[in-house]
Each structure stands twice: as C-alpha cells, then as structure tokens.
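User: I am new to this structure. Please walk me through it in short questions and answers.

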Amino acid sequence: SVSPTSSPPASTEEVLALRARNKVLTEALAAIHESAERELKQKYDLVWFAKYRYRYPNHEASERIDQEHREEIEKLRSDEGDFHHGFNSGVLAAVRMFKEKA
C-alpha cells in the first residue's frame with residue numbers, strides 16, 4: 001500500500017530533464033568559478049602592483065604584471081590612478097568574499 005505522504009515515482013522523462021538541467025547548472029557554476037579565479041588573479045596583481053611598484057621596482061612580479069596587464073597599469077599610472085586602485089581593491093575584496101561563500 002502507498003502511504004499518502006510518499007511522492008509518486010518520477011517519470012523517466014522527468015529524470016532525464018532534471019539530469020540535463022543539473023548538467024547545465026554544473027557547467028554554469030564551473031564557468032563562474034573560472035571567471036572568479038581569473039578576476040581574483042588579475043585584481044590581486046593590480047593591487048600588488050599599485051601598492052609595491054615603488055618599493056620593489058625591479059621585482060620580477062612588477063615586470064610580469066606590467067606586461068600582462070599593460071592597459072590596466074596605464075590606468076593606475078594616470079591622474080585617476082587612485083580611483084582605479086580603489087576600484088581594483090574593491091573588486092578583489094568582493095571576489096575573495098564570493099569565493100569564500102561559494
């Protein structure tokens with residue numbers, strides 16, 4: 001006998017649809033994690049560069065960051081450099097928080 005609180009068995013179509021949806025969601029989550037990792041690396045580099053470029057001008061990281069993120073580095077060297085450093089710091093903090101919660 002079937003108790004009234006038990007749910008009816010899922011149909012094969014339902015199971016297939018749920019598996020397909022799960023696959024899409026899993027792939028989307030992986031893409032979000034990859035994007036967050038890229039943002040974390042880039043913003044970490046930019047914040048490091050802004051904080052330490054004068055203290056360690058010949059550091060290998062300074063040279064690498066300058067080459068990898070040339071356009072963003074130009075923004076840091078501009079008259080609006082403080083704004084861009086603040087923005088990069090805020091994004092870095094947000095990405096760190098997101099990764100901690102994810």
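User: Where is His84 found, and is His84 buried or exposed?
Analyst: This is a predicted model, where local features need pLDDT of at least 70, side-chain atom pairs count only at pLDDT 80 or more, and totals for chains, interfaces and linings use all residues. Residues are numbered from 1 along each chain as its sequence is written, and side-chain values use heavy atoms, with hydrogens and water left out. His84 is found in helix H4, helices being DSSP runs of H or I with at least four residues, numbered from the N terminus. Its relative accessible area is 19%, and buried means under 20%, exposed over 50% and partly exposed in between, with a 1.4 Å probe and protein chains only, so His84 is buried.

User: Which residues does His84 contact, leaving aside its neighbours within four places in sequence?
Analyst: Contact means heavy atoms within 4.5 Å. With the sequence neighbours within four places left aside, His84 is in contact with Lys75, Leu76 and Ser78.

User: How do H3 and H4 pack?
Analyst: The axes of H3 and H4 are 6 Å apart, at an angle of about 125 degrees. Axes are lines fitted to C-alpha atoms, for helices over the stretch in contact, and angles run from 0 to 180 degrees between N-to-C directions. Angles under 35 degrees count as roughly parallel, over 145 as roughly antiparallel, 65 to 115 as roughly perpendicular and the rest as oblique. H3 and H4 are therefore oblique.

User: Which residues make the contact of H3 with H4, and how do they divide by class?
Analyst: H3 gives Glu72, Lys75 and Leu76, while H4 gives Gly81, His84, His85 and Asn88. Ala, Val, Leu, Ile, Met, Phe, Trp, Tyr, Cys and Pro count as nonpolar, Asp, Glu, Lys and Arg as charged, and the others, Gly among them, as polar. By class, the contact has 1 nonpolar, 4 polar and 2 charged residues.

User: Why are the buried residues of H3 on the same side?
Analyst: In helix H3 (residues 70-77), the buried residues are Glu72, Ile73 and Leu76. The arc is taken from the directions that run from the helix axis to the C-beta atoms. These residues lie on the same side of H3 because they cover an arc of only 100 degrees around the axis.

User: Which helices do the buried residues of H3 pack against?
Analyst: Glu72, Ile73 and Leu76 are the buried residues of H3. The buried residues of H3 pack against H1, helix H2 (60-68) and H4.

User: What is the angle between H1 and H4?
Analyst: Helix H1 spans residues 12-52 and helix H4 spans residues 81-101. H1 and H4 are oblique to each other. Their axes are 9 Å apart, and the angle is about 140 degrees.

User: Is Asn88 buried or exposed, and which residues does Asn88 contact?
Analyst: Asn88 has its place in helix H4. With a relative accessible area of 2%, Asn88 is buried. Leaving aside neighbours within four places in sequence, Asn88 is in contact with Lys43, Leu46, Val47, Glu72 and Leu76.

Technical notes:
Helices (H or I, at least four residues) and strands (E, at least two) are DSSP runs, numbered from the N terminus.
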